[in-house]
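Student: I would like to learn how to read strands and the turns that join them. Please start with the general idea.

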Amino acid sequence: MLFTDPADQAPAQSPDWPMTLLVVAVCLTVIASGWGVSRLVLDGGSQGASTPVDHPSPRARPPAERPEEADPADAEAVLEAAAEELRSSPSVQVSYAQYSQGTEAGRGWARAGEDLDVEFEHYHRTEEEVEVFRYELAGSGHLMTAEKGLNGLTLLDPPTEADLRLCSVDFLLATMDALVESAVGLELVETEEVRLPRGPEGVPASTHTAHRYSGNFPASMGGYDPDTGDNTLTRLPDAEFDLWIDEDGHPRRLSYETADGDGETYDYHAVGN
């Protein structure tokens, strides 16, 4: 399976938060006065074998075994425990890169944690170098702004399935959950060192001893259409993956791609801290 490490890059700066929250308040005032706020619609997805996702995956899952209790050779138990560890972590930061037919098609980072001013923050840069910021605010819903396609900060009301996936903490959790729910041929490959590049907001590079697992699963890849201002969500029916889980049970890297070279690489920073 081809694999390309995301290159180190300086993290994008979020819009100034006092001004952002002021704009949010204006948006909500506009809604209260009866003005319409533009909503985003789910795009039809990329061409070829990829098709749009129709329904979200179920999130329910029985309690997982604690990571330290799982035998590395028991791939299913380790995977379930790692997904639960990710879900229960007080702070999670992820950087990622996307690929289409083997070339980079997007890049970004996302984070959620108790020390943030928002429930969730997600930065994305398209292959056309359009920057997109997505947020979830307690009591305000899902919002986003982009350099092209939107007129300022936009409240997504009601949000589409793609909006919910890309503008909430589900973005950090859904791919690991999909592995738990639908991975086939899951097996332990080897134990090796994995080096994560520098993460968002100054998270330093780090190296971890990790167990690498492989298999196949149906993936879903998010995106943004700058011509319409729409969030997109595309199904990749059969993707081969490699997953690195460190000795403490934290997921550290997940890389997947299809036979056509479509896929993503996630680096999980600050998990469990």
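Tutor: Helices (H or I, at least four residues) and strands (E, at least two) are DSSP runs, numbered from the N terminus. Two strands pair if DSSP finds at least two bridges between them. This is a predicted model: local features need pLDDT of at least 70, side-chain atom pairs count only at pLDDT 80 or more, and totals for chains, interfaces and linings use all residues. Residues are numbered from 1 along each chain as its sequence is written, and side-chain values use heavy atoms, with hydrogens and water left out.

Student: How many residues lie between strand 11 and strand 12 in their hairpin?

Tutor: There are 5 residues between them. G261 sits in that turn, with a positive phi of about 85°. The two strands run antiparallel, joined by 5 bridges.

Student: Which sense does the pairing of strand 10 and strand 11 take?

Tutor: Antiparallel, over 6 bridges. L243 has L254 in strand 11 as its bridge partner. These strands also form a hairpin, with 4 residues between them. G249 in its turn has a positive phi of about 90°.

Student: Is G261 buried or exposed?

Tutor: Buried means under 20% relative accessible area, exposed over 50%, partly exposed in between (1.4 Å probe, protein chains only). G261 is at 10% relative accessibility, so G261 counts as buried. Strand 11 (residues 251–257) has 7 of its 7 residues buried.

Student: What is G261 in contact with, leaving aside neighbours within four places in sequence?

Tutor: Contact means heavy atoms within 4.5 Å. On that basis G261 touches Y99, S100, Q101 and G102. E104 is 157 residues from G261 in sequence, yet 10.0 Å away in space, C-alpha to C-alpha.
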